[in-house]
Amino acid sequence: MTGTAPTDPQAAALTAELLAVAEEAARAAAELLHRGRPADLGVAATKSSPVDVVTEMDLASEKLVQELIAARRPEDGYLGEEGTDRPGRSGVRWVVDPLDGTVNYLYGLPSWGVSVAAELDGEAIVGVVAVPARGELFRAVRGGGADLDGRPLAVRPAPPWGQALVATGFNYVQAERAHQAEVLLTLMPEVRDIRRAGAAAVDLCDLAAGRVDAFYERGLKPWDMAAGLLIAREAGALAGGRPGRPADGDLAVAAAPGVFEPLQARLDALGAWHG
């Protein structure tokens, strides 16, 4: 890691421990998902709409991560996408998406991953995203920088607004998808192009790696962005929601400085924060 990591010995030791656990959990779940995907994988359940799916592998990955973290850090809290919300007593809470990009995974597309973040007193201090189909592991420590397989990450220098490559995603609720499409129709002619890969955590890591210039999405949950936003920020991105607000379910925006400001302002003007 690069940057300024915690200097207090106790804080540094805790951060190192949390990073090690996050990496162990992300690697183990990624291995399970990558090697154990059934040939006849099907939908086990749906969530917000009939197209918002859960597979048996989402559930298996969540179980693996939850049990591993509980064994290593039994006093910690845990929030997972597949329904686990356990309070803790240590001040640390894990925020986990055991399979980000489930539809991609279901269809055999490569853009999916495992996202594991550790929060201390409500703020993410460690984030790991494994993208096994690409053989990549992204990591970040608050104040300590971000890396990809040990290589330090930095966002791309800001291009002119009209040359920005912007990643986004869509909600699974029909009415919100329709409004998101309207926003996209207006925004698309103003920038270089739009990318929609289908996994917010992976998109944020690609921003950190300089593969896109910006990312935005409405409707994200804490597990969708906890690790990815930390990785993007530690690679030099700015992040937030509507002007003056943090990234949240209404709107999450992250981009290189110089792209973030016009994108955030444009999305606010277009009403990207409401459905």
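This is a predicted model: local features need pLDDT of at least 70, side-chain atom pairs count only at pLDDT 80 or more; totals for chains, interfaces and linings use all residues.
Let's start with strand 5, which covers residues 92-100. Of its 9 residues, 8 are buried, so the rest of the structure largely encloses this strand. Look at who pairs with it. Strand 3, made of residues 77-80, runs parallel to strand 5, and the two share 4 bridges. To find your place in that pairing, look for Gly77, which sits opposite Arg93 of strand 5. Strand 6, residues 113-120, pairs with strand 5 too, but here the sense is antiparallel and there are 7 bridges. A handy landmark for this pairing is Trp94, with Ala118 of strand 6 standing opposite.

Now move along to helix 5, residues 200-208. Helix 5 packs against helix 6 (residues 222-234) at an angle of about 0 degrees, and the two axes are 8 Å apart. That angle is why helix 5 counts as roughly parallel to helix 6. On the helix 5 side, the residues that meet helix 6 are Ala200, Ala201, Leu204, Cys205, Leu207 and Ala208. Across from them, helix 6 brings Asp224, Met225, Gly228, Leu229, Ile231 and Ala232.

One more residue of helix 5 is worth a stop: Asp203. Asp203 is buried, yet it has no salt bridge. The nearest side chain of opposite charge belongs to Arg196, 6.2 Å away, and a salt bridge would need the charged atoms within 4 Å. So what does Asp203 contact, leaving aside its neighbours within four places in sequence? The answer is Ala167, Thr168, Ala197, Val212 and Phe215.

How values were computed. Residues are numbered from 1 along each chain as its sequence is written. Side-chain values use heavy atoms; hydrogens and water are left out. Buried means under 20% relative accessible area, exposed over 50%, partly exposed in between (1.4 Å probe, protein chains only). Lys and Arg count as positive and Asp and Glu as negative; His and the chain ends are not counted. Contact means heavy atoms within 4.5 Å. Two strands pair if DSSP finds at least two bridges between them. Axes are lines fitted to C-alpha atoms, for helices over the stretch in contact, and angles run from 0 to 180 degrees between N-to-C directions. Angles under 35 degrees count as roughly parallel, over 145 as roughly antiparallel, 65 to 115 as roughly perpendicular and the rest as oblique.
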